[in-house]
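Thanks for coming. I will take a few salt bridges one by one and then turn to the chains as a whole. Please have the structure open.

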Amino acid sequence: MKHNSTARTLAVLVLLGVAAFPLYWMLVTSLTPSERLFDDTPNLLPTLSQIGTYAAAFTETSLRQWLVNSLIVAVGTTVLSILLSVLPAYALSRLTFNGKLLLGFALFMTQMLPEAMLVVPLYDIFTKLSLLNTLLGLILANTAFTVPVVTWILKGAIDGVPSEIEEAARVDGCSRLGIVLAVVVPLIAPTLAAAAVIAFFHGWNEYVFAQTFISDDALRTASVGLASFVGELSTPVHTVMAVGFIYTLPAVVFYLFVQRYVVAGMTTGGVKG
Amino acid sequence: MMSRTVSQPRAAARRAPIDHGRWVPALFVAPVALYLLVFQGYPLVQEFLLSVTSTSLLSPGQQTYVGLDNYRELVFDPEFHQVLRVTAVYTVVCVVASIGLGLLAALLLDGTFRGRGIARALVTIPWAAPPVAAALIFVWMFNAQYGLFSHLAQFFGFADGGVNWLDEPSFALPAILITTIWQIFPFSSVVILAALQGVPSELREAAVIDGADRLSIFRAVTWPTIRPSVALLTLLITVWSLRRFDVIWLMTQGGPLGETNTLVIDLYRRAFVYLDLGRAAAVGIIGLVVAILVTLVYFWLTTRAEKAAGKR
């Protein structure tokens with residue numbers, strides 16, 4: 001038995017090593033002096049005196065602006081996704097109406113549409129609506145891809161709310177909208193949080209729309225800013241890695257804090273389907 | 001609580017609902033329906049219309065109707081056959097490897113041991129990392145001269161000098177697969193781990209008492225519980241793999257020699273490198289049809305499995 005648990009501990013450690021190593025390597029690279037990046041044997045430990053690279057990441061690139069833009073897009077995508085999804089999620093769960101099946105089908109279909117496929121027609125639409133080269137345009141495009149997922153997850157949570165609770169409110173004379181907002185939404189708050197996190201990550205990570213629809217340097221998001229370093233040689237590797245680490249770390253830390261809600265939300269709602 | 005005292009109005013409420021019937025669903029659904037029509041439905045129709053034209057990105061206003069020519073030429077184009085092959089390999093390996101690894105991780109992290117909470121959290125790190133950042137770090141690790149993988153290859157004597165991982169036709173797709181699988185296996189692991197909580201522990205204990213070995217416990221007790229989750233993961237990861245753009249585009253842009261040119265990458269290249277919007281749209285539509293077929297097969301298989309389970 002003892003032997004068994006040692007083997008397990010070892011296996012778990014290997015697993016965690018595989019999962020965490022690339023980020024660790026990003027950190028180490030960002031904290032390695034330029035001249036030692038190209039040594040014959042790689043430096044496996046960070047050089048802490050190199051911490052200045054992180055200041056340089058902000059002064060030598062537009063990182064601060066990129067992060068602000070990414071945050072605006074992510075928050076905008078989250079808010080809009082939730083606003084648009086709560087009512088249809090309720091309708092799909094509780095109400096009967098013509099076209100219910102069609103709506104469900106349409107929501108599912110969008111899961112199969114690659115963003116890259118809609119880049120050209122969306123570019124056209126955004127040109128007509130003067131949304132090209134705006135962060136609002138990115139928020140609108142991203143939300144089109146998050147709404148189906150969010151709606152589906154919320155529908156799953158609403159399915160789990162006993163309808164007797166609603167009936168009591170109905171007797172009190174609440175309208176449907178009142179019931180949804182005052183009774184249902186508070187009950188599904190954990191799932192709502194999970195869905196919000198999923199939408200936020202989508203906005204924070206999104207690349208292809210931001211790459212194609214934004215031409216103004218001041219409106220670049222962090223994903224596009226970081227991508228511009230790939231294959232480019234004039235920015236030092238350790239600075240690039242510092243930028244990447246600053247872009248990644250908040251996402252990872254945030255996710256570690258909220259993941260228990262996300263897992264619960266995904267498993268009660270979306271994933272069970 | 002109050003329902004007992006107000007049973008009279010409650011009965012009345014049931015007869016005449018306070019919300020006046022059919023307007024409610026319409027109002028609830030209209031905003032999202034309109035939104036999806038504008039930002040998904042209409043662009044999809046546009047894309048389909050583009051696919052039957054010959055249109056250049058340089059003059060998108062000038063469209064010549066060519067019927068099914070774009071599709072016909074794709075069907076007979078050996079380069080497009082390669083695209084289909086690369087897409088199939090990429091998708092199948094992504095599905096099998098990330099679910100396999102996810103299952104292994106989930107089984108390891110299930111049960112009670114010290115530091116379980118931290119371990120379960122840490123394993124999700126790759127899933128939380130932005131794909132662009134993942135691509136960046138893996139491009140650096142796969143760097144021919146200074147990358148970690150080249151150092152390792154030399155250390156273990158597989159190579160004398162650096163290895164041009166991302167420019168070598170036989171290594172590029174595996175490199176991209178490694179990156180992708182690293183990113184998505186935590187998702188499988190989290191989903192399977194959640195499903196494992198539904199394995200009745202009495203059943204497992206009973207099996208242990210009966211002297212069943214681990215493999216047969218897995219087959220008889222664990223697998224039936226997690227099978228629906230694994231099936232759903234198969235569908236999700238398939239569809240995601242057919243959609244994935246950022247990691248592949250940033251690492252290889254479909255090269256070398258088209259060895260990482262999946263449908264989505266091919267579509268983007270045709271549109272923005274070759275400026276051929278009509279052909280690009282046709283590639284997109286074909287990709288969509290593939291995704292829909294996969295989904296239909298999934299639903300067909302799962303309903304059949306459910307029926308079979310019901311009969312038993």
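B:Asp69 and B:Arg72 sit together in helix H3 of chain B, which covers residues 69–75; they are 3 residues apart, about one turn of the helix. This is a predicted model, so please keep that in mind throughout. The two residues form a salt bridge, with 3.0 Å between the closest N and O atoms. B:Asp69 is partly exposed, at 29% relative accessibility, and B:Arg72 is also partly exposed, at 46%.

Helix H3 has a second pair to look at. B:Glu73 forms a salt bridge with B:Arg279, and here the closest N and O atoms are 2.9 Å apart. This one links distant parts of the chain: B:Glu73 is in helix H3, B:Arg279 is in helix H14 (residues 277–311), and 206 residues separate them.

Now to chain A. The side chains of A:Arg176 and A:Glu166 meet in a salt bridge, at 4.0 Å from N to O. A:Arg176 lies in helix H8 (residues 176–187) and A:Glu166 in helix H7 (residues 163–171), so the pair ties together parts 10 residues apart in sequence. A:Arg176 is buried, with 11% relative accessibility, and A:Glu166 is buried too, at 4%. A:Arg94 joins these two in a network of salt bridges. Over all chains, the structure holds 11 salt bridges.

Chain A as a whole has 12 helices and 0 strands. Its C-alpha atoms fill a box of roughly 75 × 65 × 30 Å along the principal axes. Of its 273 residues, 55% count as buried. Among contacts between residues at least 6 apart in sequence, 76% join residues at least 24 apart.

Next, the interface. In it, 83 residues of chain B are in contact with 93 residues of chain A. The two chains bury about 7600 Å² between them, 79% of it on carbon and sulfur atoms. How many salt bridges cross the interface of chain B and chain A? The rule finds 1. A:Glu115 forms a salt bridge with B:Arg243, the closest N and O atoms being 3.1 Å apart.

Last, one residue in helix H11 of chain B, residues 214–243: B:Thr238. B:Thr238 is buried, at a relative accessible area of 10%. Beyond its neighbours within four places in sequence, B:Thr238 is in contact with B:Thr91, B:Val95, B:Leu233 and B:Val294.

Note on methods:
Residues numbered from 1 in each chain as written. Chains lettered and ligands numbered in written order. Predicted model: local features only at pLDDT ≥ 70, side-chain atom pairs only at ≥ 80, totals over all residues. Heavy atoms only, no water. Helix = DSSP H or I, 4+ residues; strand = E, 2+ residues; numbered from the N terminus. Buried < 20%, exposed > 50% of the residue type's maximum accessible area, 1.4 Å probe, protein only. Contact = heavy atoms within 4.5 Å. Buried area = accessible area lost by both parts, 1.4 Å probe.
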